[in-house]
Amino acid sequence: MSQIHVRANSGDVAPYVLLPGDPGRARFIAETYLEDVRQYAGHRGLLGFTGTYQSVPISVQTTGMGCPSASIVAEELARLGATHLLRVGTCGAATPHLAPADLVIAMASVPNDGTTRQFLGGAPYAPTASFELVEASVSAARTLSVPHHVGLLMTEDAFYASTPQHARHWASYGVLGFEMEASALFLVAAMRGIKAGCLVTVSNDIGDPQLVPDEVLAHGVDSMTRTALETFVRIHDGATPRQGDRP
Ligand SMILES: O=P(O)(O)O[C@H]1O[C@H](CO)[C@@H](O)[C@H]1O
Ligand SMILES: O=c1cc[nH]c(=O)[nH]1
């Protein structure tokens with residue numbers, strides 16, 4: 001049955017789904033890295049594509065910006081049979097330790113957003129990435145020689161509310177970068193019994209409207225995407241019995 005927002009049917013979406021916020025990035029990833037691609041959704045600009053990477057079926061689904069949209073997409077993907085969701089996004093750096101286009105592999109995200117608050121009724125909760133996805137992402141980044149940081153993000157609603165002072169305050173608690181979807185993806189995945197992870201590349205400093213130069217960000221998106229695809233290959237290979245494995 002087609003979902004209300006992600007207008008796809010069961011069988012359209014692969015178990016492994018990359019989640020960019022930006023529909024342009026979804027199309028770019030699908031057309032650049034996947035083979036045998038077909039677009040399965042486009043309603044409301046939530047472009048979705050399925051293809052293969054090294055023979056592993058993989059989808060790329062736009063989340064849109066912010067937790068309300070990302071939580072809808074995650075819920076509908078779970079209903080469509082997705083088992084592993086891996087965000088491929090951008091973040092604002094909270095600390096000078098992060099350079100432009102650096103890769104961050106999230107372990108968890110501070111939920112400074114209204115969507116998780118509504119789901120949880122205000123109860124305290126720590127939205128956390130799947131260890132399987134974190135471990136496979138770190139391993140993939142190491143193999144591909146992609147420099148990376150592993151740690152805490154903050155998810156927020158109001159892009160323009162954050163200031164450098166706010167960022168430095170949260171950096172003193174270990175927050176590396178700010179973005180707008182991870183907390184809801186981690187929570188919805190936990191509620192649905194599926195796995196979620198989040199990779200982000202640094203597009204700017206918090207409170208600084210200056211984006212990193214296009215060619216630098218393109219390099220960050222490429223490194224992040226290759227890391228994400230290799231992550232899914234590892235998980236798929238680990239889950240698929242090879243010849244000689246015991247039944
Ligand atoms: O580049 P994406 O994946 O959209 O991610 C970040 O960029 C948007 C804000 O500019 C928010 O969606 C934020 O999370
Ligand atoms: O949420 C975000 C994403 C990228 N850059 C920011 O400053 N904030």
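In helix H1 (residues 23-33), the buried residues are Arg25, Ala26, Ile29 and Ala30. Here a residue counts as buried if 20 or more other C-beta atoms lie within 10 Å of its own, as exposed if 12 or fewer do, and as partly exposed in between, with C-beta atoms placed from the backbone. Helices (H or I, at least four residues) and strands (E, at least two) are DSSP runs, numbered from the N terminus. These four residues lie on the same side of H1, because they cover an arc of only 130° around the axis; the arc is that of the directions from the helix axis to the C-beta atoms. An α-helix has 3.6 residues a turn, so residues three or four places apart point the same way. The face of H1 turned away from that buried side carries Gly24, Glu31 and Thr32, which are exposed. Among the elements that cover the buried residues of H1 are strand E1 (16-19), strand E2 (35-41) and helix H7 (214-239), where a contact means C-beta atoms, placed from the backbone, within 7 Å.

A word on conventions: this is a predicted model, in which local features need pLDDT of at least 70 and side-chain atom pairs count only at pLDDT 80 or more, while totals for chains, interfaces and linings use all residues. Residues are numbered from 1 along each chain as its sequence is written, and chains are lettered from A and ligands numbered from 1 in the order in which they are written.

Now to the ligands. Around ligand 1 you will find Pro20, Gly21, Asp22, Met65, Gly89, Thr90, Phe159, Glu179, Met180 and Glu181, a residue being near if its C-beta atom, placed from the backbone, lies within 6 Å. The residues around ligand 2 are Thr90, Cys91, Gly92, Phe159, Phe178, Glu179, Met180, Ser203, Asn204 and Ile206. Strands E5 (84-93), E8 (175-179) and E9 (195-205) each give two or more residues to this shell, and E5 gives the most, with three.

Stepping back, the chain has seven helices and nine strands. Its radius of gyration, taken over C-alpha atoms, is 17 Å, close to the 18 Å of the globule rule for 247 residues, so the chain is as compact as a globular protein of that length. That rule is 2.2 Å times the number of residues to the power 0.38. Buried residues make up 52% of the 247 residues.

Note on methods:
Contact = placed C-beta atoms within 7 Å.
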